[in-house]
Amino acid sequence: MKPVQIGVLGLGTVGGGTVNVLKRNAQEIARRAGREIEVTHAAARDLNKKRICDTDGIQITVDPFDIVSNPYVDIIVELIGGDTLALELVMQAIENGKHVVTANKALIAKHGNEIFAAAQAKGVVVAFEAAVAGGIPIIKAIREGLAGNQIQWLAGIINGTGNFILTEMRDKGRDFDDVLKEAQQLGYAESDPTFDVEGIDAAHKLTILASIAFGIPLQFESAYTEGITNITQEDVLFAEELGYRIKHLGVSRKTDKGIELRVHPTLIPEKRLLANVDGVMNAVLVQGDAVGPTLYYGAGAGAEPTASAVVADLVDVVRALTSDPENRVPHLAFQAGTLSDTPILSIDDVHTAYYLRMMASDKPGVLAEVTKILGEHDISIEAIIQKEPANEQNDACVIMLTHRVLEKNMNAAIKSIEALDSIHDRVTRIRMEMLNAN
Ligand code: NDP
Ligand code: HSE
């Protein structure tokens with residue numbers, strides 16, 4: 001049988017890795033897919049740039065639309081990134097009846113509903129395993145492996161760059177900007193790295209995970225997003241002293257009132273496996289009603305780990321070429337037309353525990369004032385530690401861990417605490433999750 005012809009749009013980190021894996025493992029891949037898979041066309045901006053892959057036998061153009069409309073190209077692999085040009089290219093590819101594989105989480109999180117509807121109408125597949133957690137087959141695991149479960153919640157470290165920065169800061173005391181530069185050199189970071197450090201990339205990925213876990217449309221605009229730029233060395237150290245690690249987590253939970261969809265720094269008990277996921281590694285913990293907790297771990301970014309997911313999608317698409325469109329795995333796990341309208345909860349309506357740190361005058365009665373305010377807002381304290389006077393004003397640094405509370409109540413309590421004369425500066429708050437089965 002004639003090889004399946006692939007057009008790769010973008011020959012950077014992931015595009016280059018994909019070409020390398022397809023060439024190196026060509027025989028094994030053909031045995032799995034049932035046909036040879038050959039990259040015949042590729043697009044890039046700079047035809048003279050040195051590539052990480054061997055481009056022999058590949059026709060390279062600066063115009064990706066040439067490839068999308070080339071009748072000899074069977075499958076388009078979109079690895080340019082962003083959600084403007086990429087959206088046009090993917091929609092055009094679908095319109096031309098081509099299957100698409102993409103690693104582009106921004107594109108799927110923001111425009112997936114429209115893309116999947118167009119793909120469904122044309123009977124083509126848009127596959128996006130590489131869009132979440134790099135090389136970890138988490139989309140396949142949730143969409144197919146856990147199809148018998150009601151998913152209750154999921155929580156994951158889903159940005160490799162952010163986890164790499166936090167790990168290097170904690171283990172080696174390195175400077176934030178210096179580690180970010182290294183992540184960029186290693187090809188982990190997004191072309192705009194604020195997407196990584198401000199949590200936007202993780203929110204894109206969490207939006208996708210929540211959609212396939214709970215059978216809801218993609219709703220990126222409703223995700224609560226907080227990055228890692230405000231985490232300080234002292235919070236990292238205090239958290240460790242209390243038996244916790246600070247990780248940047250995406251959390252989505254189905255509650256009676258709606259679905260939580262939130263990305264923020266989180267204290268988690270150090271004994272949890274997730275607390276020990278370091279460097280560029282990602283991990284996603286998924287709780288299903290039948291299976292219980294399941295954990296998926298692997299490289300979250302980088303050329304070949306991401307290529308591993310892109311190529312797995314290509315193999316799936318090649319296998320699907322001969323299948324009837326009605327009998328394929330649905331894009332968002334649930335059959336189109338059966339997605340639910342369960343609302344996404346505002347962050348104000350989320351229940352979680354908290355780590356609080358505040359600078360307080362070191363004199364009698366101050367702690368009593370703070371605990372009184374917490375009590376008035378229904379917030380119960382799990383632990384308190386006080387550090388020696390920590391600044392020139394002889395302030396003490398007070399750290400508290402609370403039990404679970406409604407975020408709205410915590411906001412009100414923090415506002416009252418910050419208004420006390422005896423409390424100086426803002427109160428630092430970091431959410432805390434136990435990640436136990438319930
Ligand atoms: P890169 O910046 O390394 O590569 C982008 C590629 O697109 C480059 O080859 C660039 O060409 C090409 N390109 C950009 N604009 C155009 C254009 N107008 N016409 C033709 N080609 C163009 O990005 P990555 O490989 O890192 O990321 C690609 C996608 O994969 C993104 O959506 C990203 O979010 C996603 N992703 C990345 C991961 C990673 O670890 N890096 C992991 C998982 C997903 P040129 O080289 O000539 O500049
Ligand atoms: N910039 C992303 C990260 C790439 O660091 O996780 C993988 O999606």
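**Ligand contacts and aromatic pairs**

An N or O atom in the side chain of Lys49 lies 3.0 Å from an oxygen atom of ligand 1. This is a polar contact (a pair of N or O atoms within 3.5 Å). The model is predicted, so local features need pLDDT of at least 70, side-chain atom pairs count only at pLDDT 80 or more, and totals for chains, interfaces and linings use all residues. Residues are numbered from 1 along each chain as its sequence is written, ligands are numbered from 1 in the order in which they are written, and side-chain values use heavy atoms, without hydrogens and water.

The backbone also takes part. A polar backbone atom of Val14 is 2.8 Å from an oxygen atom of ligand 1. For a backbone N or O atom of Gly12, the distance to an oxygen atom of the ligand is 2.9 Å. On its own, ligand 1 has 900 Å² of accessible area, and the protein covers 86% of this. Accessible areas come from the Shrake-Rupley method with a 1.4 Å probe.

Two aromatic pairs are present. Rings of Phe, Tyr and Trp (its six-membered ring) pair if their centres lie within 6.5 Å; planes under 30 degrees apart count as stacked, over 60 as edge-to-face and the rest as tilted. Phe116 and Phe128 are tilted, because their planes stand at 35 degrees, with ring centres 5.4 Å apart. Phe116 is buried at 6% relative accessible area, and Phe128 is buried at 1%. Buried means under 20%, exposed over 50%, and partly exposed in between (1.4 Å probe, protein chains only). Phe164 and Tyr188 form an edge-to-face pair, 5.7 Å centre to centre with 85 degrees between the planes.

Methods. Polar contact = N/O pair within 3.5 Å; in protein donor to acceptor, adjacent residues only side chain to side chain.
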